[in-house]
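Here are my notes on the model you sent over.

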Amino acid sequence: MNWNEIETLPRAGLESIQLKRLQALVHRMYERVLPYREKMDQAGVKPADIRTLVDLRKLPFTTKDDLRASYPFGLFATPMDDVIRVHASSGTTGKSTVVGYTKTDIELWASVMARCLTMAGVTRGDMVHNAYGYGLFTGGLGAHYGIEALGATVIPVSGGNSRRQVTIMRDFGSTVLLSTPSYALNLADAMTDVGISPDELRLRVGIHGAEPWSESMREEVERKLGIRAVDIYGLSEIIGPGVAMECLHSEHGMHILEDNFLPEIVDPDTLEPLPYGETGELVFTTLTKEAFPLIRYRTKDISRLFLEPCGCGRTLIRMEKVTGRTDDMLIIRGVNVFPSQVEHVLVGTEGVEPHYQIEVTREGNLDVMAVLVEVSEHIFSDEIKVLEKLSKKIQAEIKDMLGVTCKVKLVEPRSIQRSEGKAQRVIDKRKL
Ligand code: DLL
């Protein structure tokens, strides 16, 4: 079946494909992934118990903690010889979340990504400027393979060096921009800096994701770059970019590539599935992945699912724009940051107290993270030089762990407000 047929199937047809794939997946996981088999045994559920899609609810959830416990490759379902690529993103403490792909997985990823590009009207004739970061982050390479699979031309420019990027966009005649929404605004500023106006570009559409962005930010991107800006969603654990995508007709919401990624919304406290239309935590089961399949993975992203038909004719379910999370993960310049990672660095540092606060602001279009740390009495009365050295050390260690440069502000002992319940570790002043 080709994409067009799958994406416009009546629900019953799609659901029967999903059920067959789900049953095969559960058998495979039970046979090959010991930690998941143990979870199923504990829950008293066997692969043969999955008779309908509703039976999905019998299966145990998977969380980031499970990934951490099996770090780095313990949840892989194929021998390492069959794994041809790994990617990684931040975990909650020192350990990153590692994901793997077989050759078939890479082809699958390219095809879902190509389908997403198609939803935004991208065709073989397009010149696609791919400014997602290349490397362990899934954005750059994930999009790259999709652009090639579609047959469009890819400019693998990655992030950084914005002035050069806008010159390339003008000279190469880029028609599509792929970047985080904040980087798109950065490129708009770089255009002003080098004196290039949107009229000199052939840019038509921007495909932006990897971080939350508001409708007002969309308007700004569209106005400053003179393009149509659409949302793309994904996460490393599920495949990377290519899980869901807004089409050009959708008033709101992104089509989920449900033949591969089976979505649920659950109440984050009770973990009970919620009906369509209700807001809760998004959970995914990967129906077709080989190396790193996941069953009922809790994304911690907050969204809503709705089945109303879309003007484009696709019958795929849609998810609402993700605007928040159920945990404290922050996305700073596209990098996932957990306060616990910062804490990990501080706890191992001589002379500082375990009292800290992370302040996030936006200067221009860039996220700025400042870490306020209380120092011990004896250090505080020390010379400025000692304090400077300490703050540079913390900054370097945070950069090492997260890959993000932050400002470190050492503050007086007992100056960070103590809370009576949950400590408020994060003050996010960005207006998203
Ligand atoms: O950010 C994959 C990606 C790359 C998606 C390029 C889109 C474009 P991770 O680094 O694993 O993967 O981060 C995943 O980022 O759980 C969300 O919290 C957030 N996120 C991703 N896309 C969106 C979006 C990539 N469109 C985490 N809107 C996810 C809001 C998003 N948040």
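**Notes on the ligand site, helix pairs and backbone**

1. Let's start with the ligand. Helix H6 (138-150) and strand S7 (228-235) each put at least two residues into the shell around the ligand. Of the two names, S7 is the one to remember, as the largest share of that shell, 5 residues, comes from S7. Do keep in mind that this is a predicted model.

2. How many residues surround the ligand, and which are the closest? There are 23 of them, and the closest are Ala210, Asp231, Ile232, Ser236 and Asp301. Sorted by class, the shell has 11 nonpolar, 7 polar and 5 charged residues.

3. A backbone N or O atom of isoleucine 232 sits 2.7 Å from a nitrogen atom of the ligand. With aspartate 231 it is a polar side-chain atom that lies 2.8 Å from a ligand nitrogen. For alanine 210, a polar backbone atom is 3.1 Å from a nitrogen atom of the ligand. As for cover, the ligand on its own has 610 Å² of accessible area, and the protein covers 97% of that.

4. On to helix pairs. Two packed helices are described by the angle between their axes and the distance between those axes. Take helix H2 (residues 11-32) and helix H3 (residues 34-43): their axes come within 6 Å and cross at roughly 105 degrees. Angles of 65 to 115 degrees count as roughly perpendicular, and H2 and H3 are therefore roughly perpendicular to each other.

5. Who meets whom there? From H2 come Val26, Met29, Tyr30, Glu31 and Arg32, and they meet Leu34, Tyr36, Arg37, Met40 and Asp41 in H3. By class, this contact of H2 with H3 has 6 nonpolar and 4 charged residues, with no polar ones.

6. The other pair is helix H7 (residues 162-172) and helix H8 (residues 181-194), whose axes come within 8 Å and cross at roughly 80 degrees. On the H7 side the residues are Ser162, Arg163, Gln165, Val166 and Met169; they meet Tyr183, Asn186, Leu187, Ala190, Met191, Asp193 and Val194 in H8. The class count for H7 with H8 is 7 nonpolar, 3 polar and 2 charged residues.

7. Two backbone details to look at while you have the model open. Tyrosine 71 and proline 72 are joined by a cis peptide bond, with omega at about -5 degrees. You'll find proline 72 in the loop between helix H4 (64-69) and strand S1 (83-89).

8. The other detail is serine 158, which has a positive phi of about 60 degrees although it is not a glycine. Where is serine 158? Look in the loop between strand S4 (153-155) and H7.

Conventions. Residues are numbered from 1 along each chain as its sequence is written. This is a predicted model: local features need pLDDT of at least 70, side-chain atom pairs count only at pLDDT 80 or more; totals for chains, interfaces and linings use all residues. Side-chain values use heavy atoms; hydrogens and water are left out. Axes are lines fitted to C-alpha atoms, for helices over the stretch in contact, and angles run from 0 to 180 degrees between N-to-C directions. Helices (H or I, at least four residues) and strands (E, at least two) are DSSP runs, numbered from the N terminus. Contact means heavy atoms within 4.5 Å. Ala, Val, Leu, Ile, Met, Phe, Trp, Tyr, Cys and Pro count as nonpolar, Asp, Glu, Lys and Arg as charged, and the others, Gly among them, as polar. A residue is near a molecule or strand if one of its heavy atoms lies within 4 Å of it. A polar contact is a pair of N or O atoms within 3.5 Å; within protein, one must be able to donate a hydrogen and the other to accept it, and residues adjacent in sequence count only if both atoms are side-chain atoms. Accessible areas come from the Shrake-Rupley method with a 1.4 Å probe; for residues, only the protein chains shown count as cover. Angles under 35 degrees count as roughly parallel, over 145 as roughly antiparallel, 65 to 115 as roughly perpendicular and the rest as oblique.
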